[in-house]
Amino acid sequence: MNKSIFAILIVLVLAGCAVGPDYRRPVIESPPAWRIDEVEAQETANMAWWDQLNDPVMNSLIDEALKQNLDLKIATARIDEYIGRYWMGRSGLFPQIGVTAEAGRSRSSEEGAAPMSPQVENPADFYQGFFSGSWEIDLWGKLRRATEASRADLLATQEARQAVILSLVSAVANGYITLRDFDKQREIAVNTAKTREESYKLFKQRFEGGVISELELNQVKSEYEQALATIPQIEKQIVFQENALSRLLGRNPGPIARGKHIDELVLPAVPMGLPSDLLANRPDIRQAEQVLVAANARIGVARAQYFPALSLTGLFGQASADLSNLFTGSARVWSWGGSVAAPIFTGGAIRGQVKAAEAVRQQALFGYQRAIQTAFREVEDALVDQRRTREQLEAQQRQVDSLRDYTRFARLRYENGYTSYIEVLDAERSLFSAELTYVQTQGTLFGALVNLYKAMGGGWVVEADKLTVSSSKKEGSSG
């Protein structure tokens, strides 16, 4: 009979339906192609793209960030938390078995309302041990839906960690490039200040010799001081940038090692990809979808509360007042039973939970759609940014070359008495400004390409993940 009962229970569990909607990926309308067509794009999104910049120092900083960044460590620890939550939620699918053992000595009052028989030992010993079990039969799929939701929560947390890696690598690369950009700007400012200092000393000697007026001397001095004032402003930005990078590296604020000059860095290739690839390549999109999966499953959890809940309980053990008789057949204790609980009137509580779960799913759906639209926009922006910035940089290079010629000719004209020094000052002022702007645009172009890799996602995130933490942590993440 016991075998028959067990077989019936198994059939009930296997045949039980899971209420609530099964998840189906929403239909997403994606553009057929990007508005910017890069004919020289390469399949580089699945490799460690930062190696293309050819700066070992930057590579070492990225490696350090992937091992020491606190945001990434928090995201990794959060995965362990959700692994535990998944195990907790899944445990309800299985029988819960426990053991209880007790031993003691007690005395009862002999002055109670009913006299105590003199044959009853008082005080008395007691010994007992039981195995107990309970099992909620998941007829309506409430526990299965809850497990489905917990698993989706875990996957969403793993994708969130991948998104942290994606942002971290991009932030370190951008931060390092910006730092080298500031270094180049400082170099230009220092060189300009030295040149103007020499001019100022020369004009001061001419003024003291009565060759030029005080007006011309002050014009030269003004430009010299303007170049000097630029240096501390740039140096302040350098310190700020070093501190920001230190934070990404998991360090206290401090200096950052330098590698190659920004002019020596190699522009990474434009990565190849289609709009539809983003659904698989972007961890934030995958995370948003898992949030939607979890919300969809929790509708089933809420709806299952409308139906009866069937639970089985059982107990088996021994109980005796004498330790020597504890394991005899006469001391055996057992019981088993089942219970059915069903709601009749809840005042709208279950209906409210279902409505709330459906609203949460709707929010998750909109969040998923928003994540995809944001990804399309970010890739489009990055493609346009790098294309137009290249064109801008080329034009600014031509401008700098022209201003260098203009400055040289203006100085020749002044030295030969054809013009005043104001023309020379104007040419030098324009050249200084154009050189600084060119370097800033140069950094912007590197940043645009880094942002393009970030926007497209891809297998490079997996490559970066291999550099993160110890194998034990990675095992915990994959659990």
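**Figure 1. A cluster of aromatic rings in the predicted model.** Ring pairs join Trp 49, Trp 50, Tyr 453 and Trp 460 into a cluster, where rings of Phe, Tyr and Trp (its six-membered ring) are taken to pair if their centres lie within 6.5 Å. Planes under 30 degrees apart count as stacked, planes over 60 as edge-to-face, and the rest as tilted. By this rule the count comes to ten aromatic pairs. In one of them, the rings of Trp 49 and Trp 50 have centres 5.5 Å apart and planes at 85°, so this pair is edge-to-face. Trp 49 and Trp 50 are both buried, a word that here means under 20% relative accessible area, with exposed meaning over 50% and partly exposed lying in between (1.4 Å probe, protein chains only).

**Figure 2. The ring pair of Tyr 200 and Tyr 224****.** A pair of aromatic rings is described by the distance of the centres and the angle of the planes. The centres of the Tyr 200 and Tyr 224 rings are 5.9 Å apart and their planes are at 15°, so the pair is stacked. This pair links distant parts of the chain, since Tyr 200 belongs to helix α4 (residues 142-208) and Tyr 224 to helix α5 (residues 214-248), 24 residues apart. Helices (H or I, at least four residues) and strands (E, at least two) are DSSP runs, numbered from the N terminus. Tyr 200 counts as buried at 15% relative accessibility, and Tyr 224 counts as buried at 12%.

**Figure 3. The backbone at Asn 54****.** Most residues other than glycine have a negative phi. Asn 54 is not a glycine, and yet its phi is positive, at about 65°. Asn 54 is placed in the loop between α1 (2-15) and α2 (56-68). With a relative accessible area of 41%, Asn 54 is partly exposed.

**Figure 4. The setting of the close-ups in the whole chain.** The protein chain has eleven helices and four strands, and buried residues make up 39% of its 479 residues. Its C-alpha atoms fill a box of roughly 135 × 55 × 45 Å, taken along the principal axes.

**Note on the model.** Residues are numbered from 1 along each chain as its sequence is written, and side-chain values use heavy atoms, with hydrogens and water left out. This is a predicted model, in which local features need pLDDT of at least 70 and side-chain atom pairs count only at pLDDT 80 or more, while totals for chains, interfaces and linings use all residues.
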